[in-house]
Amino acid sequence: MATVLASCAARTDYTGLYGLPAPPSAWADRVIRIGPDTRYVNVEGGQTVRFIAGDKSFAWHFMVAGTVHSFDLKEVAPPGILDHTVTAYVSPDPRYMRGP
(Lines give C-alpha, C1' and ligand atoms only; values in the text may rest on other atoms or scores of the structure.)
Protein backbone atom coordinates (compact mmCIF):
# COMPACT_ATOMS: atom_id res chain seq x y z
CA MET A 1 0.00 0.00 0.00
CA ALA A 2 2.85 2.43 0.83
CA THR A 3 4.31 1.90 -2.66
CA VAL A 4 1.03 2.89 -4.30
CA LEU A 5 0.75 6.03 -2.18
CA ALA A 6 4.36 7.01 -2.86
CA SER A 7 3.86 6.72 -6.61
CA CYS A 8 0.73 8.88 -6.41
CA ALA A 9 2.72 11.63 -4.71
CA ALA A 10 5.41 11.70 -7.42
CA ARG A 11 5.54 14.95 -9.38
CA THR A 12 4.75 14.61 -13.06
CA ASP A 13 6.86 16.63 -15.48
CA TYR A 14 4.66 18.50 -17.96
CA THR A 15 7.39 20.66 -19.49
CA GLY A 16 7.24 18.64 -22.71
CA LEU A 17 3.82 20.22 -23.29
CA TYR A 18 5.43 23.68 -23.20
CA GLY A 19 7.91 23.23 -26.04
CA LEU A 20 11.64 22.63 -26.16
CA PRO A 21 14.78 24.37 -24.99
CA ALA A 22 16.60 26.09 -27.83
CA PRO A 23 20.39 25.84 -28.02
CA PRO A 24 22.35 29.02 -27.20
CA SER A 25 23.33 29.41 -30.85
CA ALA A 26 19.72 29.16 -32.08
CA TRP A 27 18.20 32.04 -34.01
CA ALA A 28 15.47 33.72 -31.96
CA ASP A 29 12.30 35.35 -33.28
CA ARG A 30 12.31 37.69 -30.29
CA VAL A 31 14.43 38.77 -27.34
CA ILE A 32 12.64 39.56 -24.09
CA ARG A 33 14.38 41.13 -21.10
CA ILE A 34 13.09 40.04 -17.72
CA GLY A 35 13.57 42.46 -14.86
CA PRO A 36 12.65 42.28 -11.18
CA ASP A 37 9.22 43.79 -11.92
CA THR A 38 8.40 41.51 -14.87
CA ARG A 39 5.38 39.39 -13.92
CA TYR A 40 4.35 38.10 -17.36
CA VAL A 41 5.38 37.91 -21.01
CA ASN A 42 3.24 37.43 -24.10
CA VAL A 43 4.57 35.02 -26.71
CA GLU A 44 3.19 33.25 -29.75
CA GLY A 45 3.12 29.54 -30.36
CA GLY A 46 5.87 28.54 -32.79
CA GLN A 47 8.23 31.33 -31.69
CA THR A 48 11.74 30.85 -30.39
CA VAL A 49 12.39 33.46 -27.72
CA ARG A 50 15.65 34.37 -25.98
CA PHE A 51 15.04 35.56 -22.42
CA ILE A 52 17.64 37.75 -20.74
CA ALA A 53 17.55 38.16 -16.96
CA GLY A 54 20.46 40.23 -15.68
CA ASP A 55 23.65 38.70 -17.06
CA LYS A 56 22.06 35.28 -17.74
CA SER A 57 19.92 34.05 -20.60
CA PHE A 58 18.12 31.06 -22.02
CA ALA A 59 16.08 30.37 -25.13
CA TRP A 60 12.82 28.47 -25.48
CA HIS A 61 10.91 27.23 -28.53
CA PHE A 62 7.19 27.60 -27.77
CA MET A 63 5.80 24.53 -29.50
CA VAL A 64 3.04 24.12 -26.93
CA ALA A 65 0.21 21.64 -26.69
CA GLY A 66 -3.17 23.01 -27.77
CA THR A 67 -4.40 22.93 -24.19
CA VAL A 68 -1.56 25.12 -22.87
CA HIS A 69 -2.34 28.82 -22.68
CA SER A 70 0.09 29.86 -19.93
CA PHE A 71 2.78 28.49 -17.63
CA ASP A 72 5.48 29.69 -15.23
CA LEU A 73 8.79 30.22 -17.04
CA LYS A 74 10.61 28.99 -13.92
CA GLU A 75 9.41 25.51 -14.92
CA VAL A 76 11.56 25.60 -18.07
CA ALA A 77 14.35 28.07 -17.25
CA PRO A 78 17.70 26.63 -16.19
CA PRO A 79 18.18 26.76 -12.41
CA GLY A 80 19.25 30.12 -11.01
CA ILE A 81 18.13 32.31 -13.91
CA LEU A 82 14.71 33.42 -12.62
CA ASP A 83 14.24 34.32 -8.98
CA HIS A 84 10.50 35.05 -9.23
CA THR A 85 7.42 33.84 -11.07
CA VAL A 86 7.07 35.06 -14.65
CA THR A 87 3.97 33.75 -16.41
CA ALA A 88 4.28 33.12 -20.15
CA TYR A 89 0.95 33.71 -21.89
CA VAL A 90 1.05 31.80 -25.17
CA SER A 91 -1.21 32.73 -28.07
CA PRO A 92 -1.92 30.05 -30.68
CA ASP A 93 0.54 29.45 -33.50
CA PRO A 94 -0.99 31.35 -36.45
CA ARG A 95 0.21 28.70 -38.90
CA TYR A 96 -2.31 26.27 -37.45
CA MET A 97 -5.29 28.56 -36.98
CA ARG A 98 -8.33 27.91 -39.12
CA GLY A 99 -9.52 30.63 -41.44
CA PRO A 100 -13.11 31.93 -41.68
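Colleague: In which strand is the place of Ser 91?
Modeller: The model is a predicted one. Residues 87-91 form a strand, and Ser 91 belongs to that stretch. The strand is S7.

Colleague: Does Ser 91 count as buried, exposed or partly exposed?
Modeller: Buried would require under 20% relative accessible area, and exposed would require over 50%. Ser 91 has 32% relative accessibility, so the residue counts as partly exposed.

Colleague: Which residues does Ser 91 touch, not counting residues up to four places away in sequence?
Modeller: A contact needs heavy atoms within 4.5 Å. With residues up to four places away in sequence left out, Ser 91 touches Val 43, Glu 44 and Gly 45.

Colleague: Which are the edge strands of the open sheet of four strands?
Modeller: The order in this sheet is S1-S5-S4-S2, with mixed pairing. An edge strand pairs on one side only, and that applies to S1 (20-22) and S2 (30-33).

Colleague: What is the bridge partner of Val 31 in S4?
Modeller: S2 and S4 (residues 48-53) run parallel and are joined by four bridges. In S4, the partner of Val 31 is Arg 50.

Colleague: Is His 84 buried or exposed?
Modeller: His 84 lies in the loop between S6 (70-72) and S7. Buried means under 20% relative accessible area. His 84 has 14% relative accessibility, and therefore counts as buried.

Colleague: With which side chain does the side chain of His 84 make a polar contact?
Modeller: A polar contact is a pair of N or O atoms within 3.5 Å. For His 84 there is such a contact at 2.8 Å, and the partner is the side chain of Asp 83.

Notes
Residues are numbered from 1 along each chain as its sequence is written. This is a predicted model: local features need pLDDT of at least 70, side-chain atom pairs count only at pLDDT 80 or more; totals for chains, interfaces and linings use all residues. Side-chain values use heavy atoms; hydrogens and water are left out. Helices (H or I, at least four residues) and strands (E, at least two) are DSSP runs, numbered from the N terminus. Buried means under 20% relative accessible area, exposed over 50%, partly exposed in between (1.4 Å probe, protein chains only). Two strands pair if DSSP finds at least two bridges between them. A polar contact is a pair of N or O atoms within 3.5 Å; within protein, one must be able to donate a hydrogen and the other to accept it, and residues adjacent in sequence count only if both atoms are side-chain atoms.
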